Amino acid sequence: MSSSDNNKLATTALVAGGIGAAVSYYLTHKKSQAAALETSRERSSSISNLNSRTSFIFQDPEYDIGTSSASSTNDTAVLMPHSHEERMRRRIAARMAVEDENSQPRQSVTVRVPASSANCGPGYDCIGLAVDLWTEVTVTRAEKFEITAEGDGAAEMPKDDSNLLVTGVKAAYDTADKPMPPLRYHVVSRIPYARGLGSSSAAIVAGIIAGLVLAGHRLPVWGSESLLQIAATIEGHPDNVAPVIYGGFQIGIYNGTRWVTERVPCPPGTQLVMFIPEFIGKTSAARGVLSDTISRADAAFNIGRVAFLVHALAMGNLDNLKWGVQDRMHQPQRAEALYKHLYPMIKAAEEAGACCAYLSGAGPTVMALTSGASGDIFTQREKERTDFSVAKAMMQVAQTFGVKGRIVVTLASNEGARVVKVDPPFSSEYITFRDNV
C-alpha cells in the first residue's frame with residue numbers, strides 16, 4: 001500500500017473515532033439531563049408536599065389515631081413543639097378505655113391545698129402566687145352532714161353549707177351529673193383565715209377535687225382547664241384559684257370563651273416574708289373602697305408595671321421586682337381607707353433588703369419577697385439572706401402603728417393542690433402512686 005493510501009486510511013479512522021466519541025458524549029449528556037430533570041421533578045414534588053403541611057417538626061405517628069376522615073386532615077398534620085393540647089387530644093382518644101377503668105366512686109378522700117397571694121401589686125384579679133402554707137381537707141361519705149375544723153381560723157370558719165368547701169363539692173357533683181350524698185368534712189387549717197392568703201380559694205379548690213374523686217368523675221385539662229373553669233366561676237376571678245390548682249406564679253385571663261392560665265417562673269432562692277395581722281380583712285370591704293373607673297394615666301402606669309413584673313420574674317432580675325409590684329389601682333385606696341401600715345411597711349421591708357413588698361390579695365397581710373436562700377436555711381449563714389432583717393423591719397412598723405400580728409417566713413410553692421389519701425386507693429399491686437395514694 002502506498003504512503004498516500006496509508007494517510008487516507010489514518011485520516012478516515014481519526015474522523016470515524018471523532019464522530020463515535022461525539023455521538024457517545026451526546027447520548028451520555030442527554031441521559032444525564034433526563035436524570036437531572038427527573039430528580040428536579042421529584043425534588044419539586046417533595047417540596048410541594050412539604051409546603052402543603054402545617055409544619056414538619058416533631059411528627060409522632062403514635063398520635064395519628066383519628067378517624068379516616070380526620071386522619072387525612074388534622075390528625076396527620078405534623079405538630080409544632082408548643083402544640084400540647086392537640087397532642088393530648090390525640091392521646092386521650094386512644095386511651096378512653098383506661099380512663100373509664102380508673103374512674104369509680106370513692107368512700108373518702110383527703111386533699112392538700114396551698115395558700116395563695118393574689119394581685120402581686122398591679123396584677124389585679126389576674127396574677128397570683130402559690131404559698132407554701134397548706135390546709136388538708138378530708139371528706140367522707142356519712143349518714144349526716146357535719147363540718148369539723150382545727151388549726152388556724154377554725155373558730156371563724158363557717159360550719160354549715162355556706163362554707164365554700166361545700167360549695168366546691170356541690171359544683172363537682174353537679175358537673176358529674178350525680179346526686180350529692182351526705183358528707184362529713186374535717187379541716188386541718190394552716191392557712192390564716194380571711195387574711196389575704198386565699199383561704200376561700202383553697203376551700204373552693206379542695207371541695208371541687210374532693211367531690212370529683214368521691215363521685216368518680218374526671219375532667220379534661222388540655223384545651224379546656226375544666227377544673228379551673230369551675231373554680232374561677234365560683235370565685236369570680238382566677239388570681240387565687242389558678243395558683244392553688246397548678247402552683248407557682250400564675251397569670252389568668254378570660255379569653256371571651258373560657259379562663260386561660262400560664263405559669264411565670266419564680267426565681268430560685270426566693271423566700272416569702274409576710275406580716276399577718278390579727279384582725280380579719282373582709283374582701284367585700286376591701287373591694288368597696290375601690291372606684292369603678294380609673295384614669296388613663298393610672299391604667300398606663302399599671303400596664304407598664306405588670307409587664308415589668310412579669311419580665312423581672314421571667315428573667316430572674318430581682319432588682320426590678322420593686323418597680324414591678326407598684327400599683328395605682330387598689331393599693332393606695334386600701335391603704336388610705338383600711339391599712340395605714342401598708343406603705344410604711346413596704347418601704348421598711350425594701351430598705352431592709354427585700355426585693356419587693358405588696359399587699360397580699362385584699363389584705364390585710366403584707367407580703368415581701370427576699371432572695372439568697374439556698375438549701376435548708378437553718379444550716380445557712382443568716383447574713384447570706386435578708387429574711388430576718390426584713391421581718392424585723394416589718395414588725396417594727398407594725399408596732400409603730402399599733403397593729404398586732406405575726407411574721408411568717410416560707411417559700412413559694414411550685415406545686416398546687418393534690419390528693420394525699422383516698423379510700424379505696426388509686427394504687428394497686430401493679431402501680432404505686434406518690435404517698436401510696
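Trainee: In which loop is Ala 194 found?

Mentor: Ala 194 is in the loop between strand 4 and helix 6 (199-215). Helices (H or I, at least four residues) and strands (E, at least two) are DSSP runs, numbered from the N terminus. Before we go on, note that this is a predicted model: local features need pLDDT of at least 70, side-chain atom pairs count only at pLDDT 80 or more, and totals for chains, interfaces and linings use all residues. Residues are numbered from 1 along each chain as its sequence is written, and side-chain values use heavy atoms, with hydrogens and water left out.

Trainee: How do I read phi?

Mentor: Most residues other than glycine have a negative phi, and most peptide bonds are trans. Ala 194 is not a glycine, yet has a positive phi of about 55 degrees. Asp 177 also has a positive phi, of about 60 degrees. Asp 177 is in the loop between helix 5 (164-176) and strand 4 (183-189).

Trainee: Is Asp 177 buried or exposed?

Mentor: Buried means under 20% relative accessible area, exposed over 50%, and partly exposed in between (1.4 Å probe, protein chains only). Asp 177 has 70% relative accessibility, so Asp 177 counts as exposed. Ala 194 has 18%, so Ala 194 counts as buried.

Trainee: Which peptide bonds are cis?

Mentor: One joins Gly 363 and Pro 364, with omega about 10 degrees. Pro 364 is in the loop between strand 8 (356-359) and strand 9 (366-370). Another runs from Asp 423 to Pro 424, with omega near -5 degrees. Pro 424 is in the segment after strand 11 (418-423).

Trainee: How do I read the sides of a helix?

Mentor: An α-helix has 3.6 residues a turn, so residues three or four places apart point the same way. Now take helix 13 (residues 342-351). Its buried residues are Leu 342, Met 345, Ile 346, Ala 348 and Ala 349. They cover an arc of only 165 degrees around the axis, so they lie on the same side of helix 13. The arc is that of the directions from the helix axis to the C-beta atoms.

Trainee: What covers the buried residues of helix 13?

Mentor: The cover includes strand 7 (271-277), helix 12 (331-337), strand 8, strand 9 and helix 14 (387-400). Contact here means heavy atoms within 4.5 Å.

Trainee: What comes just after helix 13?

Mentor: Gly 353 comes there, with a positive phi of about 120 degrees.
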